[in-house]
Each structure stands twice: as C-alpha cells, then as structure tokens.
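Colleague: Could you take me through this model one feature at a time, giving the general idea and then the case at hand?

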Amino acid sequence: MVTDPIADYLTRVRNAIMAGHRVVEIPASNLKKEITKILQDKGYVLSYKFDDSTVQGTIKIALKYNAVTKIPAIKNLKRVSKPGLRTYRGATELPRVLNGLGIAILSTSKGVMTDKEARTQNVGGEVLCYVY
C-alpha cells in the first residue's frame, strides 16, 4: 500500500527517465491525471493515454527526450508538500522555480494548476511539486 501516491507517481517518472525508458505506466487517479495533463501542456512529456480497462485504471506516459543528445525534457521532479508536512502558499507568496524557467504544480480551490496560472487567477493552494 502506497501512503503518498503523488510521490510514487513522481518516483516512477524519475526512475523511467534515469533508465532511459520511452513509456512509463502508472496507476491512475484524478489528481495524477491532472498533473499529467499539465506536464503535457507545458512540454515535459510527449503524450499520455488513460486506460480504464482495469478497476483503478492506468496512465501511460510517453516521455520526451532530445532527438540528438537523448537528454530528457524533465531534469528534476521534486515533491514539496508531503503527508507529514503539508505546504500551502497564498496567492502573493507562490514560489518561482528556477526564476520562472520551471513550474510548480499546485492544488487550489479552482483545480490543479501551475504557479503562473495561480498568480493570474490570484489563488493560493497546496504546492504539490516542482518540475524543471
């Protein structure tokens, strides 16, 4: 049993990148689906597919690499808010990852979004992870 499914999601993606895999398969949840959509919208993964054939379902993510140098698009994934220590930020104190080059994924009252979207909508929330 996994006590922190978001950390498990990030670890599976991180391990697949380190091993050089093209596709990673992850057990699905609504929060993981939203995080995957954000990663695809921001250009960190090529594509994704939701498979609902099993009870829980799975997410298949096609990872993105540079065609010539084989360097992955995702350099680092860092879990911020953990079950033992939740991290919340207000609209005025949202983090900037690598001076705006990376993204912070937040869970807000208006849904899961990036730090830039949360700033424009003037909402704060729980900082789930940093991606760069």
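Modeller: Let us begin with a definition: a residue counts as buried under 20% relative accessible area, as exposed over 50%, and as partly exposed in between. The model here is predicted, and at 48% relative accessibility Leu 98 therefore counts as partly exposed.

Colleague: What is the phi of Leu 98, and where does Leu 98 lie?

Modeller: The general idea is that most residues other than glycine have a negative phi. Leu 98, although not a glycine, has a positive phi of about 50°, and Leu 98 lies in the loop between strand E5 (88–89) and E6. Asn 122 likewise has a positive phi, near 55°, in a residue other than glycine; Asn 122 is found in the loop between helix H3 (115–121) and E8, and with a relative accessible area of 56% Asn 122 is exposed.

Colleague: Is Thr 58 buried or exposed?

Modeller: The relative accessible area of Thr 58 is 15%, so Thr 58 is buried. Thr 58 is found in strand E3, and, leaving aside neighbours within four places in sequence, the residues in contact with Thr 58 are Glu 25, Ile 26, Pro 27, Ala 28, Lys 49, Phe 50 and Asp 51.

Colleague: Which residues touch the most other members of the largest nonpolar core?

Modeller: In soluble globular proteins, nonpolar side chains tend to be buried together. Here the largest nonpolar core has 26 residues, of which Val 13, Ile 61, Leu 63, Ile 105 and Val 131 touch the most other members. Two or more residues of this core come from each of helix H1 (5–19), strand E1 (23–27), helix H2 (30–41), strand E3 (58–63), strand E6 (103–108) and strand E8 (125–131), with H1 giving the most, six residues. A second, separate core of nine residues includes Val 80, Val 97, Met 113 and Ala 118. As for Ile 105, contacts beyond four places in sequence include Ile 35, Ile 38, Leu 39, Val 112 and Met 113.

Colleague: How many helices and strands does the protein have, and what pattern does the protein follow along the sequence?

Modeller: The protein has three helices and eight strands, and read along the sequence they follow the pattern α-β-α-β-β-β-β-β-β-α-β. The radius of gyration is 15 Å, close to the 14 Å that the globule rule gives for 132 residues, so the protein is as compact as a globular protein of that length. Of the 132 residues, 40% count as buried, and among contacts with a separation of 6 or more, 60% are between residues 24 or more positions apart.

Methods. Residues are numbered from 1 along each chain as its sequence is written. This is a predicted model: local features need pLDDT of at least 70, side-chain atom pairs count only at pLDDT 80 or more; totals for chains, interfaces and linings use all residues. Side-chain values use heavy atoms; hydrogens and water are left out. A nonpolar core is a set of buried Ala, Val, Leu, Ile, Met, Phe, Trp, Tyr and Cys residues joined through side-chain atoms within 4.5 Å. Buried means under 20% relative accessible area, exposed over 50%, partly exposed in between (1.4 Å probe, protein chains only). Helices (H or I, at least four residues) and strands (E, at least two) are DSSP runs, numbered from the N terminus. Contact means heavy atoms within 4.5 Å. The radius of gyration is taken over C-alpha atoms; the globule rule is 2.2 Å times the number of residues to the power 0.38.
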